Amino acid sequence: MAHPEDDELSAPLLDAGSDASTSDNERKLRLKLGISFFIFGLINNSLGELTFLQLSTTYPIALAGHSVGYFASGTGGAGVGGAGFWWEVRSLGVKKGVALSGVLPFVIPLTYFFLLPAPSKFAGARRNSAAYAAIPTADPTVEEDEGEETDVGSEQLADTDSGATATAKERPLVIMLTFADKIKLVRPLLLKFMLPIFSVYVLEYTINQGIAPTLIYPVPDASQHWLIGHIIHSLRDYYPLWQLVYQTFVFFSRSSISIGVPSLPTRLLWAPAIVQAGVLLTLVLESAIGIFPEESNPTLTFLLVFTLIAVEGVCGGLAYVNVFYRVGQENHPSEGDDAYELEKKKQEREFKIGSIGFADSLGILLASLIAMPTEIGLCKAQVGRGKTFCKTL
């Protein structure tokens, strides 16, 4: 969802299907942009994920938000495709299964060089996007004369409008964020964006790695339980199935912005984490002490676990796409911004997206440390009540 200030920009660029003034060329560019970011998300498998998310900031802000949405949809599609692929080839073994999927990363450079349109192609939106310049790694703060700045600063800003425009055309802008600038940018993100997505990822991956492997039940008799009997053929089928369910609903929720569903308000970004905590607690109790009617009604137990895993996927997907979308839409360009301010705001959005990526990666790391003792503890609890399936795998 574009900000109100985006109306002038988003009308020709985002509503091309209903705006007669939008050219066929713009439609094709927008389509290529969306497909490119979808493929990046689909194939990258988290290799360079932040690079692709930061790449979205090089486009006009209205398009950048939708690029994030398509990328999130692609990552969800990767999960569904990977889980579905493994469901089909699991009988071949690990070596053959991995070898068959090893060619997919080669799609990334083909997409980048031959499909992805350059930011300069969107000439009509150039007022909201300055020429791209990478964030320098060196701190530009140099103690010289107090009234003198080493980067593009007061000298350029003091020029007349025509002079500033000429300067921008003659040489590329170089925006340098100091360490102090970065700390200032990160602080407001902690409670608003970083902690919500960190919490969701800790809960989500603890469920996936530590609890889901213990959600194992007797192999159903197809003559008595037609539905699950035709899905589950051995104890080893449960975990891949839970992962397929999870990834499917992650894909649906991560695609929400791409299909036009309004993004969550910033104040509700904590909601997925709260729901996720409830899912985790319920699944822990089911695994440890068995709160569902496993013996009297195995079909109902299967459907309840299925539903909880689906909700887990929805929460994880919503947190991911909405947090990154909201961060990418901050520091919105205003009408009075000159080329320097436009580029600075874009660089700040790029840095913020990278900072959010650190939070979700840290959440996955912590979850992996929690999941190992959790799985062992739940398995021991099951054995203690006479359920030994986890010991047989």
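Trainee: Where do I start? How do helix 12 and helix 14 lie to each other?

Mentor: Bear in mind that this is a predicted model. To read a helix pair, take the angle between the axes. Angles under 35 degrees count as roughly parallel, and 65 to 115 as roughly perpendicular. Here the axes of helix 12 (residues 238-254) and helix 14 (residues 298-328) cross at roughly 40 degrees. Helix 12 and helix 14 are therefore oblique to each other. Their axes come within 7 Å.

Trainee: Is the crossing of helix 12 and helix 14 left-handed or right-handed?

Mentor: Right-handed.

Trainee: Which residues of helix 12 and helix 14 meet?

Mentor: Helix 12 brings Leu241, Trp242, Val245, Tyr246, Phe249, Val250, Ser253 and Arg254. Among their partners in helix 14 are Phe302, Val305, Phe306, Ile309, Glu312 and Tyr320. Then sort by class. The contact of helix 12 with helix 14 has 15 nonpolar, three polar and two charged residues.

Trainee: How do the axes of helix 10 and helix 13 cross?

Mentor: Use the angle again. Helix 10 (residues 189-211) and helix 13 cross at roughly 20 degrees, and their axes come within 9 Å. That makes helix 10 roughly parallel to helix 13. The crossing of this pair is left-handed. Helix 10 contributes residues including Pro196, Val200, Leu203, Glu204 and Ile207. Helix 13 contributes residues including Pro272, Gln276, Leu280, Leu283 and Val284. By class, the contact of helix 10 with helix 13 counts 12 nonpolar, three polar and one charged residues.

Trainee: What other helix packs with helix 13?

Mentor: Helix 15 (residues 339-384) does, with its axis 7 Å from that of helix 13 (residues 271-289). The angle of this pair is about 40 degrees. Helix 13 and helix 15 are therefore oblique to each other. In helix 13, Val284, Ser287 and Ala288 take part. They meet Leu378, Ala381 and Gln382 of helix 15. This contact has four nonpolar, two polar and no charged residues.

Trainee: What is Tyr205 in contact with, beyond its neighbours within four places in sequence?

Mentor: Gly210, Tyr246, Ile364, Ala367 and Ala371. For a separation along the chain, look at C-alpha atoms.

Trainee: Where does Ile216 lie?

Mentor: In the loop between helix 10 and helix 11 (226-229). Ile216 counts as buried because its relative accessibility is 2%. Setting aside neighbours within four places in sequence, Ile216 contacts Leu235, Tyr238, Lys387, Phe389, Cys390 and Leu393. Take Cys390. It is 174 residues from Ile216 along the chain, yet the two C-alpha atoms are separated by 7.1 Å.

Trainee: How many helices and strands does the chain have?

Mentor: 16 helices and zero strands. Next, check burial over the chain. Of its 393 residues, 45% count as buried. The accessible surface comes to about 19,600 Å², and carbon and sulfur atoms hold 63% of that.

Trainee: What share of the contacts with a separation of 6 or more joins residues 24 or more positions apart?

Mentor: That share is 80%. Ile216 and Cys390 illustrate the idea: they are in contact and 174 residues apart along the chain.

How values were computed. Residues numbered from 1 in each chain as written. Predicted model: local features only at pLDDT ≥ 70, side-chain atom pairs only at ≥ 80, totals over all residues. Heavy atoms only, no water. Axes fitted to C-alpha atoms, helices over the stretch in contact; angles between N-to-C directions. Helix = DSSP H or I, 4+ residues; strand = E, 2+ residues; numbered from the N terminus. Parallel < 35°, antiparallel > 145°, perpendicular 65-115°, else oblique. Contact = heavy atoms within 4.5 Å. Nonpolar A, V, L, I, M, F, W, Y, C, P; charged D, E, K, R; others polar. Left-handed = near helix turned anticlockwise from the far one by under 90°. Buried < 20%, exposed > 50% of the residue type's maximum accessible area, 1.4 Å probe, protein only. Areas by Shrake-Rupley, 256 points an atom, 1.4 Å probe, with all protein chains shown as cover.
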